[in-house]
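Here is a short report for a first look. Please keep the sequence and the model side by side as you read.

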Amino acid sequence: MIERIIILDNVDPVSFYGVNNSNMQLIKNLYPKLRVSARGSVIKVIGEESETADFERKIKTLESYTAQYNSLTEDVIIDIVKGEAPRELKRDDVIIYGISGKPIVGRTPNQQKLVEEFSHNDLTFALGPAGTGKTYVAIALAVRALKNREARKIILSRPAVEAGEKLGFLPGDMKDKIDPYLQPLYDALEDMIPAVKLREYMDTKVIQIAPLAFMRGRTLNDAVIVLDEAQNTTTHQIKMFLTRLGMNAKMIITGDVTQIDLPRSTRSGLIEALRVLKDVPGIGRVEFGKKDIIRHQLVQRIVEAYERYDKECERQSTETDQ
């Protein structure tokens, strides 16, 4: 009789063990000759050498499956333990599998184009109105690179620009004041990574979410870096950010040039960067439109209404000047 210790280092144990440890109980039932105990990310098994070796191989196969699909069902457990191939979930259009196995895909042609541009370029601009999914897809691509070990960390950033509220009036310390600006990034990550694993990534700095000002002086190697709401950067800020790109790193910059919250006298760094870098090779660019909006159908109508209003205001201003 020998004892083996197996460490689950690539998945959230809660997802692996199942609700009320149902998955773990099934695994124990499929190996009646073994004494199996599990606590946290550690599984201990005692039995004959050949059976414990087979048990370890199957657990690692189940772990890999869970890491890829963020899901583990009884049917899959039985298939893998029996040595059969589980039902194939993989689809060519899936970026990653989110919580509970939900496939995250490029749902519009431009979302799919962003996936392609990211694979071919180290720097990609994703531009367009709210609700087009540009930030969500960018974060999904970053999570995929991390899971596939194509990157060692994810850096997510936003400029903390005050849109109607002053930072100083918000309650709490600096982190509490800044977190509301970064909440959309947290929301996307929570859709894609189990809570326990996400907390581990955050604690170990594998995933870092920080305001743009915190990027100064850093060189970001072996990472996927996402800058969201880039229309609210100044020329100096976006130049600083672009030059953080290190070895074996990729960068996605998202923004909506119709929603600039900077003071009227301040030029958007995103608009200037697009002009300056227009002919630089190795830079991808995807422009989302109203047809890419995948939020509530009213969002598209709201965007269109504001576009008509802005054009009418411009026309009236021109007539007044004349």
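## A nonpolar surface patch

Leu298, Ile302, Tyr306 and Tyr309 make a nonpolar surface patch of about 460 Å². This is a predicted model. Tyr309 sits in helix α11, which covers residues 297–321. Its relative accessibility is 52%, so Tyr309 counts as exposed.

## The sheet

Six strands form an open sheet. Their order is β8-β7-β9-β10-β6-β11, and the pairing is parallel. The edge strands are β8 (207–211) and β11 (283–287). Each of these two pairs on one side only. On average, neighbouring strands of the sheet are turned by 15 degrees against each other, direction ignored.

Strand β7 spans residues 153–158. Five bridges join β7 to β8, and the two run parallel. Arg158 stands opposite Pro211 in β8.

## Helices on the sheet

Helix α10 (residues 269–276) packs on the sheet. This helix touches β6, β10 and β11, and its direction makes about 125 degrees with that of β6.

Helix α6 lies across β6 (123–127), β7, β8, β9 (223–227) and β10 (250–255). It runs at about 165 degrees to β10.

## Thr135 in helix α6

Helix α6 covers residues 134–147, and Thr135 is found there. Is Thr135 buried or exposed? Thr135 is buried, because its relative accessible area is 17% and the cut-off for buried is under 20%. Leaving aside neighbours within four places in sequence, Thr135 is in contact with Leu185, Asp228 and Thr254.

Key
Residues numbered from 1 in each chain as written. Predicted model: local features only at pLDDT ≥ 70, side-chain atom pairs only at ≥ 80, totals over all residues. Heavy atoms only, no water. Patch = residues over 30% accessible without salt bridge, like charges linked within 9 Å, V, L, I, M, F, W, Y side chains within 5 Å. Areas by Shrake-Rupley, 256 points an atom, 1.4 Å probe, with all protein chains shown as cover. Salt bridge = Lys/Arg side-chain N within 4 Å of Asp/Glu carboxyl O. Helix = DSSP H or I, 4+ residues; strand = E, 2+ residues; numbered from the N terminus. Buried < 20%, exposed > 50% of the residue type's maximum accessible area, 1.4 Å probe, protein only. Contact = heavy atoms within 4.5 Å. Pairing = 2+ DSSP bridges. Axes fitted to C-alpha atoms, helices over the stretch in contact; angles between N-to-C directions.
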